[in-house]
Amino acid sequence: MNYAQVSRRDFLKGVGVTAAAAALPVSVVELAFADETQNFTFAYISDAHIQHIKGTQFVRNWDRGLIRAVAETNILNPKPDFVVFGGDLAQLGTKEELDHGAEIMSALKHKTHYVMGEHDYYLDLGEYWSKLFGPHYHSFDHKGVHFVILNSILTFDDWTFNRWPTDTQRMLEMAGLDNPNGSPFMVGEKQRKWLAEDLAKVDRKTPVVVFSHSPIQKLYKGWNFWTEDAEEVQALLQPFETPTVIYGHVHQIQYNQIGRIAFQSVMATAWPWPYPQSYAQAEHDMPKLTVPMNRADPFFERDATGWQTIDVGAGRVSLSYNLYNNKSRRVGFNFEKGHPEDSEYQDPAKRIAPQDHF
Ligand SMILES: [Fe+2]
Ligand SMILES: [Fe+2]
């Protein structure tokens, strides 16, 4: 396949996605191959943070963000082949929150794969989540692509098992964004061994797409935008021709390229995290960001939230971010430059000013 073919097909698809995006705050992922019959899209919803108050009461704002994403995913045209939920379905991992989140998600008409978030995990170490949604990590093949779901929010055993008087205390400590009592995320030795064995069966030319909750990169430790064993996991992916990692957790648009691995994040349906004042605060590999999100507008409860559709072209993904109260964005793989970039705003002359709210 040559670049012109990919560009043309991506462009045509982009038109369709953009038209849909004008009406829909959705993230669509689309995968396009030389063989047109292999093209497909999937939708990605993440970070709903369903939060129980008491009795039958839940935080309305977070409920609404997820309900909207589910409703909009159901009317996507073309229909996505499947949906991924990227983790943090619950806020504090309780049965009430996970049940309520599962009930909202049950309205989806599509098969859904679930990724574990730290907010789902640290109360009972994923036990109840697993009853609802299945294994903590697994892989599957779909139309020539090998998909891997990792549980990337594990941490050191000593922190998990020996430090906290109660499970609730452990959950609260890991739920804080900039809490110094938290602990860096990791995939862990056991799962890395499983991943190595899983990938050993896959041809190096096969597109591999990994779904994780934390970035499989070291971006910003202060907010746990971090995976302690990122380099070890990356080393397992680098031998492939077109590996991609799609992650949640950061509640903001990020994209990056390390060696052959393309990285792209997804938005939250609950709330946005601002970019750290500058990623220069921490050592990072992040390329230049395009449109910084400052504080969300407090008068628009869905500001800077949304979901995405994803397409895969020549084994690379393009994410269309459907943002509820912001201009939609599209970040796709630039085959000439060899990394993902914003289709509209990467050129500094075309940037839009950061939001400025009071
Ligand atoms: Fe989250
Ligand atoms: Fe998270």
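Student: Is D47 buried or exposed?
Tutor: D47 counts as buried because its relative accessibility is 0%. Buried means under 20% relative accessible area, exposed means over 50%, and partly exposed is in between (1.4 Å probe, protein chains only). A note on the source: this is a predicted model, where local features need pLDDT of at least 70, side-chain atom pairs count only at pLDDT 80 or more, and totals for chains, interfaces and linings use all residues. Residues are numbered from 1 along each chain as its sequence is written, chains are lettered from A and ligands numbered from 1 in the order in which they are written, and side-chain values use heavy atoms, with hydrogens and water left out.

Student: Where is D47 found?
Tutor: In the loop between β2 (40-45) and β3 (52-54). Helices (H or I, at least four residues) and strands (E, at least two) are DSSP runs, numbered from the N terminus. The phi of D47 is positive, near 50°, and D47 is not a glycine.

Student: And what is phi of K143?
Tutor: Near 45°, a positive value in a residue other than glycine. K143 sits in the loop between β7 (138-142) and β8 (145-149). K143 is partly exposed, because its relative accessible area is 35%.

Student: Which residues does a cis peptide bond join?
Tutor: N77 and P78, with omega at about 5°. P78 is in the loop between α2 (60-74) and β5 (83-85).

Student: New topic. How many aromatic pairs are there?
Tutor: The count is 22. Rings of Phe, Tyr and Trp (its six-membered ring) pair if their centres lie within 6.5 Å; planes under 30 degrees apart count as stacked, over 60 as edge-to-face and the rest as tilted. The rings of Y121 and Y122 have centres 4.8 Å apart and planes at 85°, so that pair is edge-to-face. Both Y121 and Y122 are buried.

Student: What about F147 and F211?
Tutor: Their ring centres are 5.5 Å apart and the planes are at 20°, so they are stacked. F147 is in strand β8 and F211 is in strand β9 (residues 208-212), so the pair ties together parts 64 residues apart in sequence. F147 is buried, at 0% relative accessibility. F211 is buried too, at 0%. Ring pairs link both into a cluster with F40, F42, Y44, F82 and F140.

Student: Which ring does R204 lie over?
Tutor: The face of F240, at 4.6 Å from the ring centre. A charge sits over a ring if NZ of Lys or CZ of Arg is within 6 Å of the ring centre and within 35 degrees of the ring normal. R316 lies over the face of F333, at 4.3 Å from the ring centre.

Student: Now the core. How many residues has the largest nonpolar core?
Tutor: It has 35. Such a core is a set of buried Ala, Val, Leu, Ile, Met, Phe, Trp, Tyr and Cys residues joined through side-chain atoms within 4.5 Å. Those with the most contacts inside it are I45, L66, F85, L89 and M105. Elements giving two or more residues to this core are β2, α2, β5, α3 (95-105), α5 (127-133) and α7. The most come from α3, with four residues.

Student: What is M105 in contact with?
Tutor: Leaving aside neighbours within four places in sequence, M105 is in contact with L66, V70, F85, L89, T112 and Y114. Contact means heavy atoms within 4.5 Å.

Student: Which residues of α7 are buried?
Tutor: In α7 (residues 167-175), R170, M171, E173, M174 and A175 are buried. The buried residues of α7 pack against α4 (118-121) and α6 (157-162).
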